[in-house]
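Hi,

Here is the structure I promised to pass on. Have a look at it first, and then read my notes below.

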Amino acid sequence: MSFYNIHTHKRSEGVVSILNTYPDQYDDEDQGFLSCGFHPWNVNGKESFERLEQIIQQPNVVAIGETGFDALKGASMGMQRDSFEKHIELSERYEKPLIIHCVKAWDWLLASQKKYDPKQAWIIHGFRGKPEQMQQMLDKGMMFSIGERFNEKTVQLIPNDRFFCETDDSLIDIKEIYRIITQTRGVDLMNLIEDVAKNIKSVFRI
C-alpha cells in the first residue's frame, strides 16, 4: 500500500503526492498529481479564472485549491468569498474536489456551503479545530486532512471515511505524520494507510 500526501509543496520519493500549485506557477511538464487554485492570501480581484479553468481540465490536476477564507490575512472577506465561490463553481462543473484553507472564518465557509449545496467533496486541509467544530463541518459533509499540528481529541473522532493526511509546508516526512496519527487514533499503521487509500480512490479517483 502507498503513503498518500494530499497537500504538499514538495514531492517525496516513494510517496503519492498531490502537489499544491498556483496558476502563475503551473508547470505543464509536471505530470505528477496536482491541485491548483488561488490562495486567499493572494486574492486581489485580478485573478484569471479563465487560466485556472484551462489548467484544471488537465487529467493530472485532481483537485481545485487551495482556496477559502482567512480572517487574519489577505484581501477583504468579500473579495475572498467571491474568489472562493468561483472555485466552487469550477469544482462542481469539472467534478473535482475542493481543497480548503480556513482560518477563523467558519461562518463564511458555512454560508457558501449552504448557498451552493455542493456535490463534490470539500476537504479542509491542515484542520486543527476542536471536536465541536469538526462535528459541525462533518454534519455538512466535509472531510479533513491532518498534518503536523492537530487537536488530539478531534483526530480521535474523525470517521475513517472522512480522513486524509498531509505535510503542507512542514519539514516532517509524511510517513512520520502517519505514525503520529496512528498513535493518536490508537490504530494500526496498515489500517490507517488502507483507510486513506480508500478515501483517495473515492474522492480523487487516482
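A quick definition to start: a charge sits over a ring if NZ of Lys or CZ of Arg is within 6 Å of the ring centre and within 35 degrees of the ring normal. Here, Lys-73 lies over the face of Trp-41, 3.8 Å from the ring centre.

Some housekeeping. This is a predicted model, where local features need pLDDT of at least 70 and side-chain atom pairs count only at pLDDT 80 or more, while totals for chains, interfaces and linings use all residues. Residues are numbered from 1 along each chain as its sequence is written, and side-chain values use heavy atoms, with hydrogens and water left out.

Now the rings. Rings of Phe, Tyr and Trp (its six-membered ring) pair if their centres lie within 6.5 Å; planes under 30 degrees apart count as stacked, over 60 as edge-to-face and the rest as tilted. The structure has 8 aromatic pairs. One of them is edge-to-face, because the ring centres of Phe-38 and Phe-49 are 5.1 Å apart and the planes are at 65°. Phe-38 lies in the loop between strand 3 (34-36) and helix 1 (49-56) and Phe-49 in helix 1, so this pair ties together parts 11 residues apart in sequence. (Helices, H or I with at least four residues, and strands, E with at least two, are DSSP runs numbered from the N terminus.) Phe-38 is buried at 14% relative accessible area, and Phe-49 is buried at 12%. For those words, buried means under 20% relative accessible area, exposed over 50%, and partly exposed in between (1.4 Å probe, protein chains only).

Phe-69 and Trp-108 make a tilted pair, 6.1 Å centre to centre with 40° between the planes. That pair links distant parts of the chain, with Phe-69 in strand 4 (residues 61-70) and Trp-108 in helix 3 (residues 106-116), 39 residues apart. Phe-69 is buried at 0%, whereas Trp-108 is partly exposed at 33%. Ring pairs also join Phe-69, Phe-84, Trp-108 and Trp-122 into a cluster.

What about strand 4 itself? Of its 10 residues, 10 are buried. Strands pair if DSSP finds at least two bridges between them. Strand 4 runs parallel to strand 3, joined by 3 bridges, and Cys-36 has Ile-64 in strand 4 as its bridge partner. On the other pairing, 5 bridges join strand 4 to strand 5 (residues 98-103), also parallel; there, Gly-68 has His-101 as its partner.

Enjoy exploring!
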